[in-house]
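Please consult the sequence and the coordinates alongside the text.

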Amino acid sequence: MKKNQTLWGYFFLTPQLIGLLAFSLIPLGFALVLSFMNWDGFGAKTFASLNNFIGQFQNPVFWKALRNTALYTILFVPVGITISLLLAIMLNNIKGKEIYRVFYFMPVVTSSVSVGVIWMWILNGDFGILNQALAAIGIQGPLWLTDTRWVMISIAMLSIWWQVGYNMVIFLAGLQGVSKSYYEAAQIDGASKIQQFRHITLPLISPTTFFVSIMAIIGSFQVFDQAFVMTNGGPAKASYTLVYHIYETAFINFRMGESSAAAMILFVIILIFTLIQFKFSDRWVHYES
C-alpha cells in the first residue's frame, strides 16, 4: 500500500514536473548557452566567448535600462509594502473585511494590458482624469507619460495600485496569525497603539514582511508590461527597463546572444539581492518558537 501511494504521488507530480522542466529549466539552460553565442534567431550559431557580456557592460543603453529599473524598484518596493501593510491593518479588525479584500484584490487579477490602457487615459496630460482632478483644486498636473521626470513615477504609481491588493492579502494573513493575547498583555501594561504596533505587530509579522519584500524586489526588476503598453520605453528611453532591453535586443534587433547575456546579468542581479536579504534577515526577522 505504501509503495502504491508513492507511485500515485509521483503520478500526480509528473505534470507539474514536466511543466517546470519544459517551461523553466530547459529554457534557462538554453539561455545560458545562448549567452555565449552569436545568433540572429535563424542562421547558424557561432561561439562568442564573453563578448556578449562585455558588450552589455560597454553599452550605455544597458546602463540606462539598469538605472531606470533601479529607480522603479526604489519607488515601488517601499511605498507598495507600506501601503499594503497599512491597508491590512485597517481591514484586520473591521466587519465585512472579506468584501473589502475582494475589491482590493480585483486589480491583481486584471490583465496588464487592460490596466495599462486604463491608466493611459487616467494619466493623459491633456484630458486625463487625474490632471482634471488636480486642476479642480488649482494644481497644474504634469505630463505624466511624456515627461522624462515623471514617467517612471507614473509607472511605479500604476504598479503600486495594481499589486497592492496581493501584498495586502498576504499581510492580512500574517496579522490574523498574531495572537490577541499579546495585545491584551500590552494593554494591561499601558502600551499605546503605536507601541503595540512597533513592539508586537512588526516583530511578529516580520516573516511575512520578509517574504513580501523578496517577492516585491524580484518582481520590480522584471517590470516590462507597463512600460511596453504605456510608453514603449519612452520618452527618450526614460522608462526603458532591463526586461524591455532584453525584449528589444532579441525580438526587434534579433541579437539573441546579447539578449541572453543581458538576461543572465539580470538573473545574477536578482540572485545577489535575494542572497543579501537572506544574509541580513536574522537581524530583523523573528519567528515564534
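Is Arg-255 buried, partly exposed or exposed? At 34% relative accessibility, Arg-255 counts as partly exposed, where buried means under 20% relative accessible area, exposed means over 50% and partly exposed lies in between, with a 1.4 Å probe and protein chains only as cover.

The model is predicted, so that local features need pLDDT of at least 70 and side-chain atom pairs count only at pLDDT 80 or more, while totals for chains, interfaces and linings use all residues. Residues are numbered from 1 along each chain as its sequence is written, and side-chain values use heavy atoms, with hydrogens and water left out.

As to the overall fold, the secondary structure comprises 13 helices and two strands; these are DSSP runs numbered from the N terminus, helices being H or I of at least four residues and strands E of at least two. The C-alpha atoms fill a box of roughly 75 × 75 × 35 Å, taken along the principal axes. Of the 289 residues, 39% count as buried. The accessible surface amounts to about 17,300 Å², and 69% of this area belongs to carbon and sulfur atoms; areas come from the Shrake-Rupley method with a 1.4 Å probe, and for residues only the protein chains shown count as cover. Among contacts (heavy atoms within 4.5 Å) between residues at least 6 apart in sequence, 67% join residues at least 24 apart.

The interior may be described next. A nonpolar core is a set of buried Ala, Val, Leu, Ile, Met, Phe, Trp, Tyr and Cys residues joined through side-chain atoms within 4.5 Å. The largest such core has 49 residues, of which Tyr-72, Phe-171, Leu-242 and Leu-266 touch the most other members. The elements that contribute two or more residues to this core are helices H3 (60-92), H7 (151-176), H8 (180-188), H10 (206-221), H12 (242-251) and H13 (256-280). Apart from this core lies another, of nine residues, among them Leu-123, Leu-134, Trp-144 and Leu-158.

Leaving aside residues up to four places away in sequence, Leu-242 touches Phe-62, Ala-65, Leu-66, Thr-69, Leu-266 and Ile-269. Helix H12 is mostly covered, with eight of its ten residues buried; these include Leu-242, Tyr-244, His-245 and Glu-248. The buried residues of H12 pack against H2 (51-57), H3, H10, H11 (225-230) and H13.

Glu-248 also takes part in a charged pair. A salt bridge is a side-chain nitrogen of Lys or Arg within 4 Å of a carboxyl oxygen of Asp or Glu, and by this rule there are three. Lys-237 and Glu-248 form one of them, at 3.7 Å from N to O. Because Lys-237 lies in the loop between H11 and H12 and Glu-248 in helix H12, the pair ties together parts that are eleven residues apart in sequence. Lys-237 is partly exposed at 30%, whereas Glu-248, at 18% relative accessibility, counts as buried. Arg-149 pairs with Asp-147, the closest N and O atoms being 3.0 Å apart; Arg-149 is exposed, with a relative accessible area of 63%, whereas Asp-147 is buried at 15%. Finally, Arg-255 meets Glu-258 in a salt bridge of 2.9 Å, N to O, and Glu-258 is partly exposed at 24% relative accessibility.
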